[in-house]
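This report describes selected helices, residues and cores of one protein model. Please consult the sequence and the structure alongside the text.

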Amino acid sequence: MLVFASFFVAVGFGIIAPTIPLFAKSFGVNNAQVGSIISAFALARFASGLISGKFVDKFGERLVFTVGIAFVALSSFAAALAQSYEQLLIFRAAGGLGSSMFSVAAGSMLLRAVSDDQRARAQSLYNGSFLVGMMAGPVIGGFLTAISLRAPLLVYAALLVVASVAGGFLLRNSVLAARPTEKSIVVKTSIRDALAMKPYVIALMISFVTAWVLFGMSRSVLPLFMVEDMKSSAGFIGVGFTISAVVQGLFLLKAGGLSDKRGRKFSAISGLILLGTSVVLLVLTFHPWIFLLSMFVGAFGSAFLSTTPAAIVGDVLRGKGGQVIALYQMSGDAGAMIAPIALGFIADHYGFRATFAISALLVFLVIAVATKLPETRTSHLGQSSK
């Protein structure tokens, strides 16, 4: 069910991704206001993370998952009918709450539904469905945009309704996703408990630095560097990101298998080294083809890092722990939000290569911390996760 719903959500998100800036621009606003539409969704998602985790702990994953997706569907439908920039901003921001609700609920189900010798592979399959959906979405979105700027949002809302109804129906008999009982609440991991565990704290750090590079640096200063310094075309940059997405998709299940078999520490350090190497290559990019090499190398690191940190969280989680999962997801959201602002400032004052050097330094600092990561696959190795 999660893979099915993830695909529909991702296709819809991919459909509206290239359309939202154009739709916002149609109201006659400046570029900063266009950016605010995108940031408002991310900020609302981040700000409501712990609230969504509380909802999961109180009402269960099924209700929060279905209501969260339905809420995003409603906000997307309202955004499609927006008659002003202010209305579009409010409706997109409201969607961030629903997004945090269903993503935390999905994360809770995914991490608790399988044992720790299968957890990374389950995460890989889930992420893979989202990746495929994101790759398919923009193609459909481009066609719909030619018809109307509002059409992609309407189709997105319809796909979300399908995902919400499917979730509610397919999870109706799930004990795991049901509303917690007094007996099930006894077994619960609090944020305080989680923060006392070294593996969880390290997972937060890995999540932050991964999002910093992949969703902050790569989506903000990297395209500008390639256009302004390397004189590359938008099409060439698109080839690089496509290579990254395809390689990551092909390697995801293998990366998850290695994490389950070789261990979380092996996979975390391997992923961070590959990611750090890809960023160092950007510092040394004096010819456009090195950018393509960086995207290729970084894709392998992304495959490891999109599965292993979440698997670590699942390994240490005992019973319900919606807020624990929410805080983990928020660490990634924080990296994605802070990086564009911080790196943009650095690029303005010290140049693009300085942003890559600082990002590489952050990755290698986390590598040093990850060397202290204890193995968390207790069912596989019989070691403590504390």
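## Basis and terms

The model is predicted, so local features need pLDDT of at least 70 and side-chain atom pairs count only at pLDDT 80 or more, whereas totals for chains, interfaces and linings use all residues. Residues are numbered from 1 along each chain as its sequence is written, and side-chain values use heavy atoms, with hydrogens and water left out.

## Leu224 in helix α12

Leu224 is partly exposed, because its relative accessible area is 42%. Its place is in helix α12, residues 221–228; helices are DSSP runs of H or I with at least four residues, numbered from the N terminus. Beyond the neighbours within four places in sequence, Leu224 is in contact (heavy atoms within 4.5 Å) with Asp229 and Phe352. Ala93 is 131 residues from Leu224 in sequence, and their C-alpha atoms are 27 Å apart in space.

## Helices α7 and α13

Two packed helices are described by the angle between their axes and the distance between the axes. Here the axes of α7 (residues 119–147) and α13 come within 7 Å and cross at roughly 170°. The axes are lines fitted to C-alpha atoms over the stretch in contact, with angles from 0 to 180 degrees between N-to-C directions. Angles under 35 degrees count as roughly parallel, over 145 as roughly antiparallel, 65 to 115 as roughly perpendicular and the rest as oblique; α7 and α13 are therefore roughly antiparallel.

By class, this contact has eight nonpolar, eight polar and four charged residues. Ala, Val, Leu, Ile, Met, Phe, Trp, Tyr, Cys and Pro count as nonpolar, Asp, Glu, Lys and Arg as charged, and the others, Gly among them, as polar. The α7 residues include Arg121, Leu125 and Leu131, while those of α13 include Leu252, Gly256 and Asp260.

Asp260 lies in α13, which spans residues 234–262, and counts as buried because its relative accessibility is 1%. Its side chain forms polar contacts (N or O atoms within 3.5 Å, one able to donate a hydrogen and the other to accept it; residues adjacent in sequence count only if both atoms are side-chain atoms). One of 2.8 Å joins Asp260 to the side chain of Arg121, and another of 3.0 Å joins Asp260 to that of Arg264. Asp260 and Arg377 are 117 residues apart in sequence, with C-alpha atoms 7.8 Å apart.

Glu61, in helix α5 (residues 61–80), counts as buried because its relative accessibility is 0%.

## Nonpolar cores

A nonpolar core is a set of buried Ala, Val, Leu, Ile, Met, Phe, Trp, Tyr and Cys residues joined through side-chain atoms within 4.5 Å. The largest has 49 residues, and Tyr200, Val213, Met217, Leu222, Leu272 and Phe356 have the most contacts inside it. Helix α11 gives the most to this core, with 10 residues. Apart from this core lies another, of 42 residues, including Val34 and Tyr156.

Methods
Helix = DSSP H or I, 4+ residues; strand = E, 2+ residues; numbered from the N terminus. Buried < 20%, exposed > 50% of the residue type's maximum accessible area, 1.4 Å probe, protein only.
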